[in-house]
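Thanks for taking a look at this one with me. A few notes follow, in numbered points.

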Amino acid sequence: MFPAYAGTILRVDLSKHKVYKKRLLESLAKKYIGGKGIATRFLYDEVKPGTGPLDPENKLIFATGPATGTAIPNKGHIVCCKSPLTGIYASSSSGGHFGAELKYAGYDVLIIEGRADRPVYLWIDGDDVQIREAKHLWGKDGLETEAAIKEELRDEEVKVARIGPAGENLVKIACIINDYSRVNGRCGFGAVMGSKNLKAIAVRGSNPVEVADMDGILEFLKEFIESVKEKAAGYSMYGPTASVDVGNILGTQPVRYWSKGVLDGYQKINREALYELGFKNKACHSCVVRCGKIREVKEGPYAGTVVEGVDYETIYALGSLCENNNLESILRSNQLCDILGLDTISTGNVIAFAMECYERGIIDNEDTDGIELKFGNHKAIVQIIEKIANRKGLGDILAEGVREAARQIGKGSEEFAVHIKGLEPAGWDPRGMKGISLSFAVADRGGCHLSGGIYTYESRGGLDRLQVEGKAQFLHELEVRYAVTDTLILCRFNRAVYPWETIMKTFPLLTGVKMSENDLKEVGERIVTLARAFSVREGISRKDDYWPDRFYREPIPEGPSKGMILNREEFDGMLDEYYELNGWDVNGIPTKKTLATVEIEKTDKEIEPTRAKVTA
Amino acid sequence: MHKFIMSDPDKCTGCGICELICSASKDGAFNPRISRIRTVKIEPWVDMALVCRFCEDPACVRSCPRKALRQDEKDGLIVVDEVKCDGCGWCIEACKFGALALNPLKKAVVVCDLCGGDPLCVKYCIAEALELTTLDAISAKTRKSVVRELFQNELVKEQEAKRIKGIFARGRAQF
């Protein structure tokens with residue numbers, strides 16, 4: 001195997017209570033590099049179409065990248081599965097220290113399959129892998145779990161990825177957390193882990209990670225640090241929070257469940273306001289950006305709250321979307337989500353959706369057990385979060401995510417429910433940003449801002465946000481580049497420091513393998529198409545690549561983006577262009593020729609039914 | 001006075017770059033567990049790096065049954081004779097800071113050697129949490145800051161006077 005890889009795949013079958021180890025093949029590493037690439041390939045090959053996301057046949061595939069465990073600043077690990085929230089492809093990366101430790105333990109990939117017959121946790125101590133009893137941990141929150149495991153294993157330095165009560169209760173917006181507050185957040189990974197009766201994964205390792213050119217890496221790192229000081233200074237100082245001001249100045253921050261673009265008093269929850277509450281910087285393993293900010297609430301009803309964060313998307317979801325400008329309550333809500341194991345973006349979205357239902361009289365106090373779910377009622381937000389995690393009362397419905405909650409609540413709520421392919425979108429209003437409207441609509445895991453993070457460029461990076469021409473091309477290139485950074489696995493907050501040239505430079509330093517820009521782009525294209533093909537097998541096609549109708553019908557009512565709206569014809573044009581650039585047909589299904597490039601001719605049979613259905 | 005690496009817990013982010021750089025330069029691979037400097041996390045918000053402080057009367061040296069450890073008289077470094085050392089680890093037990101580690105490749109104990117006087121970990125710490133310093137320098141700094149606090153008002157006045165003087169000086173230079 002090339003340097004920078006551990007060289008081993010660890011497979012744990014919880015049903016059979018067995019552990020297998022296999023060599024990672026060079027040919028696979030060459031084609032998919034690592035991280036998202038390798039995990040997506042395993043997912044495609046091993047999770048068959050029609051698999052129930054919470055069935056034992058679904059798999060959790062953790063993968064590290066060649067940069068993981070080295071001093072090249074990176075994010076650690078990524079995980080793939082079939083999402084219980086969306087029913088399609090899901091991947092999610094996370095920072096923290098878990099990924100690096102997995103690599104030090106000697107594994108590039110960890111595949112978890114089957115279902116244990118009782119609560120267990122996995123203990124990976126280098127070569128020694130044990131499936132251990134977790135009856136005493138079941139029901140414990142995230143912090144208690146982590147502490148209990150460390151005590152049980154008599155090692156404070158063990159790294160733990162775990163679920164909270166939300167994951168145990170199969171809440172479809174539950175997440176996996178490691179390193180106190182680093183999250184595989186979106187798509188309900190926590191529920192999949194819960195469905196396998198797997199409470200936590202603890203890992204410890206002492207293997208060295210060797211690289212092809214150590215002197216080169218140390219030299220590279222010096223330049224990199226200088227460049228971070230210059231280009232990522234905002235993240236280092238404030239954490240990822242600048243978008244509160246940016247979004248409100250542009251009038252595109254989703255407010256009052258996607259009905260407005262500016263939050264009254266947004267200055268109370270912007271980065272300066274947050275900065276006042278910070279007292280310590282934190283960083284993920286090997287990271288020189290250190291965007292993690294520990295904040296403390298000292299006074300008021302939420303005094304005593306200490307939390308790492310909060311980032312822009314959390315401020316948007318638990319703040320502006322619920323028309324809530326009480327910063328302390330946002331910090332408290334974030335802390336609760338971390339402890340209980342919930343994804344903050346989806347949680348904020350289901351709560352704001354429930355508020356909209358409440359304001360319209362679709363649900364009332366009887367449904368909410370007396371909680372006044374009015375917009376801006378921050379106490380209600382904090383109260384309902386616990387109900388969601390524990391599936392109590394209305395929380396049981398909201399725990400299903402917005403799409404399913406709207407179906408169950410009915411009474412016209414499906415009309416205003418906002419999701420793309422079942423995933424609640426991140427905090428940018430598509431009506432005021434054309435690239436974002438396309439980017440979220442076609443993102444591989446549903447309404448996600450990360451797979452093609454064009455928002456950076458449209459909100460502050462010099463792209464005209466209302467221009468349509470060229471956006472599909474720009475997005476396509478960005479998606480391919482980000483797919484490659486997700487193989488390594490580099491952090492999005494380093495994006496300014498990782499242009500193609502820098503990515504290209506890191507490869508030979510780490511692995512000794514030279515990759516041209518073209519080679520890398522091919523890898524990226526392969527991953528984009530493979531992820532799409534997985535979802536196409538599940539029935540996804542062009543019809544699913546749209547925003548809900550309301551965005552094409554109702555313009556933004558006020559603020560700097562007043563009157564802006566999505567135009568279906570214009571949007572269709574962008575879709576056509578985007579599909580073509582990817583080598584997909586007009587229905588968004590990869591053509592046979594494109595499928596051949598990702599070597600899935602054999603499973604082509606499974607994609608054809610969807611193609612036949614949509615062309616009929 | 002011996003130099004050593006001081007870590008500021010207010011600035012340390014727990015990123016572990018120091019460990020990575022240390023193991024890379026000393027052992028040629030990334031492996032925090034054999035790094036001579038180690039980060040400690042006490043979740044959620046306490047991070048700090050620990051490394052040999054080159055004590056004046058080092059317990060590690062005293063505890064070694066094979067006399068494999070000695071302290072250099074000039075710079076205070078703990079010098080390990082890798083031939084004599086059999087990795088029994090008594091020194092590790094004796095050290096109150098957990099600053100020594102057993103290196104499985106060398107089958108001997110390893111400890112910080114300040115990279116010959118210009119430690120790499122300090123250079124790469126972007127958070128500027130690490131500093132090569134001496135106890136003398138630390139106490140001198142503390143003394144100065146405490147006196148500065150004591151004479152805060154006078155210092156403000158002095159600075160103001162300096163500023164006005166400067167303005168006059170510039171004014172004179174113009175004519």
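1. Which residue, with a positive phi, follows helix 14 of chain A? That is A:R391, with phi near 50 degrees. Helices here are DSSP runs of H or I with at least four residues, strands are runs of E with at least two, and both are numbered from the N terminus.

2. Some ground rules: this is a predicted model, where local features need pLDDT of at least 70, side-chain atom pairs count only at pLDDT 80 or more, and totals for chains, interfaces and linings use all residues. Residues are numbered from 1 along each chain as its sequence is written, chains are lettered from A and ligands numbered from 1 in the order written, and side-chain values use heavy atoms, leaving out hydrogens and water.

3. Chain A holds 26 helices and 15 strands. Its radius of gyration, taken over C-alpha atoms, is 23 Å, close to the 25 Å from the globule rule (2.2 Å times the number of residues to the power 0.38) for 616 residues, so chain A is as compact as a globular protein of that length.

4. Of the 616 residues in chain A, 67% are buried, meaning under 20% relative accessible area with a 1.4 Å probe, protein chains only.

5. Back to helix 14 (residues 378–389) of chain A: 9 of its 12 residues are buried, so the rest of the structure largely encloses it. Among the buried ones are A:I381, A:I384, A:I385 and A:I388. Their cover includes helix 12 (327–340) and helix 13 (344–359) of chain A.

Key:
Buried means under 20% relative accessible area, exposed over 50%, partly exposed in between (1.4 Å probe, protein chains only). The expected span of a helix is 1.5 Å times one less than its number of residues. Contact means heavy atoms within 4.5 Å.
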